[in-house]
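Reader: I would like a close look at one part of this model. Please keep it brisk.

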Amino acid sequence: MSFCRGCGHQIHETAESCPQCGAANASLATRKAASADQEGTLWLPIPSLVCGLIVVLALFDPEDWETDQVIGGIGLAVTAIVLGGISLAKQKRGLGIAIAGLILGILGLLGALGSQL
Ligand SMILES: [Zn+2]
């Protein structure tokens, strides 16, 4: 049980508002806000990080890249940037992973383009 902020009447935790005075249930609002941080999927930031990581690791390959490797690398880098960007825009979950994926994607893209100069 929790207590109404407005009138002190005892109300059920899951009640949206106080049946006595109609004030919003403060404890429910707090809990909803807390769970919003956990909402979202890790299927955006983790693939972003993986794609970014593959491209950046491939940059350390001392051999010159074949054209199809460069195209594949750019594709992976762009995927990392797009997925990381969507994740950052849409959700708080996996924030650090999304930022890492985005940065690795940008580095990978610059590296893949730079290898062609
Ligand atoms: Zn009340």
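How far apart do the C-alpha centres of domain 1 and domain 2 lie? Then take me through the packing of α2 with α4.

Author: This is a predicted model, where local features need pLDDT of at least 70, side-chain atom pairs count only at pLDDT 80 or more, and totals for chains, interfaces and linings use all residues. Residues are numbered from 1 along each chain as its sequence is written.

The C-alpha centres of domain 1 and domain 2 lie 45 Å apart. Domain 1 covers 2-36 and domain 2 covers 45-114; such bounds come from an automatic or database domain assignment.

Now the helices. α2 spans residues 45-59 and α4 spans residues 95-114. Helices here are DSSP runs (H or I, at least four residues), numbered from the N terminus. The two pack at about 35°, axes 7 Å apart. Axes are lines fitted to C-alpha atoms over the stretch in contact, and angles run from 0 to 180 degrees between N-to-C directions.

Take Gly-101, in helix α4. Gly-101 counts as buried because it has 30 C-beta neighbours inside 10 Å. The cut-off for buried is 20 or more other C-beta atoms within 10 Å, with C-beta atoms placed from the backbone. Gly-101 touches Pro-45, Ser-48, Leu-49 and Gly-52, among others, not counting residues up to four places away in sequence. Contact needs C-beta atoms within 7 Å. Leu-44 is 57 residues from Gly-101 along the chain, yet their C-alpha atoms are separated by 9.7 Å.

Leu-76 touches Cys-51, Ile-54, Val-55 and Gly-108, again leaving out residues up to four places away in sequence.

Key: Contact = placed C-beta atoms within 7 Å. Buried ≥ 20, exposed ≤ 12 C-beta atoms within 10 Å, placed from the backbone.
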